[in-house]
Amino acid sequence: MSRPTPAVRLHGHLAQPRELTVEQLRELPAHRAEVSFDCRTSGPQHHAFEGPKLWDVLRAAGLHLVSANRKGRLGHLITITGADGHFVLLSWAEIDPEFSGQQILLATRIDSRPLDAAGPQLVVPTDVCGARYISGITAVWVGPLHAWQPTAAVQSHPDGPGQRARTQSPHNAPALPGAAR
């Protein structure tokens, strides 16, 4: 029996919410980042990652920004969740080319090895700490700050109503209609 192919759920304020596999992410323009960072459990790491910029992935999904002006866009957030429930929050200015425009990637390869079985990895080349290098990304949410609800303690949970969610991420919300491709 074959394993299901990991997919990243893109949702939030997007015209075309969808799920993308690593193979589909490879269809977007690829960038390479050679990075060094410190991992708390494994020590210093040195890797070469390849994959599309997060900016390009979100643009391809049809961003719906509350404001087109620069200051208004600063009120947007991006959360990335991994298969283990770990999630990080990015500010809009980290990926927007009109601000810092960092080359943050959804890597599809690490050291020339494909990540098809594990799922893509978040790569933040300017980070010296590896805490935001999320492996096995399962979801990316984008939207304005007022739409993010980090304190929702009880949410829809696969173990039944009233169960506590593992994380307090917007990715625990029920699937959007038509989100799957």
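In what order do the 4 strands of the open sheet stand, and with what pairing? The order is 3-4-8-9, and the pairing is antiparallel. The model under discussion is a predicted one. At the edges of this sheet stand strand 3 (31-39) and strand 9 (113-114), each with a single partner strand, so one side of each has no neighbour in the sheet. Strand 3 pairs with strand 4 (residues 43-51) in the antiparallel sense, over 9 bridges. One example of this pairing is Ser36, whose bridge partner in strand 4 is His46.

The sheet belongs to a chain that holds 3 helices and 11 strands. Read from the N terminus on, the elements follow the pattern β-β-α-β-β-α-α-β-β-β-β-β-β-β. The chain has 181 residues, and buried residues make up 46% of them. Its accessible surface comes to about 9,600 Å², and 54% of that surface belongs to carbon and sulfur atoms. Among contacts in the chain with a separation of 6 or more, 60% are between residues 24 or more positions apart.

Of its 7 residues, 7 are buried, so strand 5 is largely enclosed by the rest of the structure. In a regular strand, side chains alternate between the two faces of the sheet. In strand 5, both faces are covered: His76, Ile78, Ile80 and Gly82 are buried on one side, while Leu77, Thr79 and Thr81 are buried on the other.

Strand 5 also has partners within its sheet. With strand 11 (137-144) it pairs in the antiparallel sense over 7 bridges, and the bridge partner of Leu77 in strand 11 is Gly143. Strand 5 and strand 6 (87-91) likewise run antiparallel, joined by 5 bridges. Here Ile78 stands opposite Leu90 in strand 6. The two strands form a hairpin with 4 residues between them, and Gly85 in the turn has a positive phi of about 90°.

The next topic is the nonpolar interior. In soluble globular proteins, nonpolar side chains tend to be buried together. The largest nonpolar core of this model has 24 residues, of which Leu54, Leu58, Ile78, Ile80, Leu122 and Val140 touch the most other members. Two or more residues of this core come from each of strand 1 (7-12), helix 2 (54-60), strand 5, strand 6 and strand 11. Helix 2 gives the largest share, 4 residues. A second, separate core has 10 residues, including Phe37, Phe49, Leu105 and Ile110. Ile78 shows how the parts of the chain meet: leaving aside neighbours within four places in sequence, its contacts include Leu54 and Leu58, Leu89 and Leu90, and Val140 and Trp141.

Which residues does Asp127 touch, not counting those up to four places away in sequence? They are Ser36, Phe37, Arg132 and Tyr133. Asp127 lies in the loop between strand 10 (121-123) and strand 11. With a relative accessible area of 16%, Asp127 counts as buried, because the limit for that class is under 20%. Its side chain makes a polar contact of 2.7 Å with the side chain of Arg132.

Pro125 is in the loop between strand 10 and strand 11 as well. Pro125 is partly exposed, with a relative accessible area of 29%. Leaving aside neighbours within four places in sequence, Pro125 is in contact with Ala33, Val35, Gln103, Ile104 and Tyr133. Pro125 and Ile104 are 21 residues apart in sequence, yet 6.7 Å apart in space, C-alpha to C-alpha.

A further loop, between strand 6 and strand 7 (105-107), holds Phe99. Phe99 is partly exposed, at a relative accessible area of 30%. Apart from residues up to four places away in sequence, Phe99 touches Arg70, Arg73, Leu74 and Ala93. Between the C-alpha atoms of Phe99 and Leu74 there are 9.4 Å, although 25 residues separate the two in sequence.

The last topic is the cysteines. How many disulfides does a search of the whole structure find? The search finds 0. Cys39 is in no disulfide, and the nearest cysteine sulfur, that of Cys129, is 8.2 Å away. That distance is too far for a bond. Cys39 is partly exposed, with a relative accessible area of 21%, and Cys129 is partly exposed at 44%.

How values were computed
Residues numbered from 1 in each chain as written. Predicted model: local features only at pLDDT ≥ 70, side-chain atom pairs only at ≥ 80, totals over all residues. Heavy atoms only, no water. Buried < 20%, exposed > 50% of the residue type's maximum accessible area, 1.4 Å probe, protein only. Polar contact = N/O pair within 3.5 Å; in protein donor to acceptor, adjacent residues only side chain to side chain. Contact = heavy atoms within 4.5 Å. Pairing = 2+ DSSP bridges. Disulfide = S-S within 2.5 Å. Core = buried A, V, L, I, M, F, W, Y, C linked by side-chain atoms within 4.5 Å. Areas by Shrake-Rupley, 256 points an atom, 1.4 Å probe, with all protein chains shown as cover.
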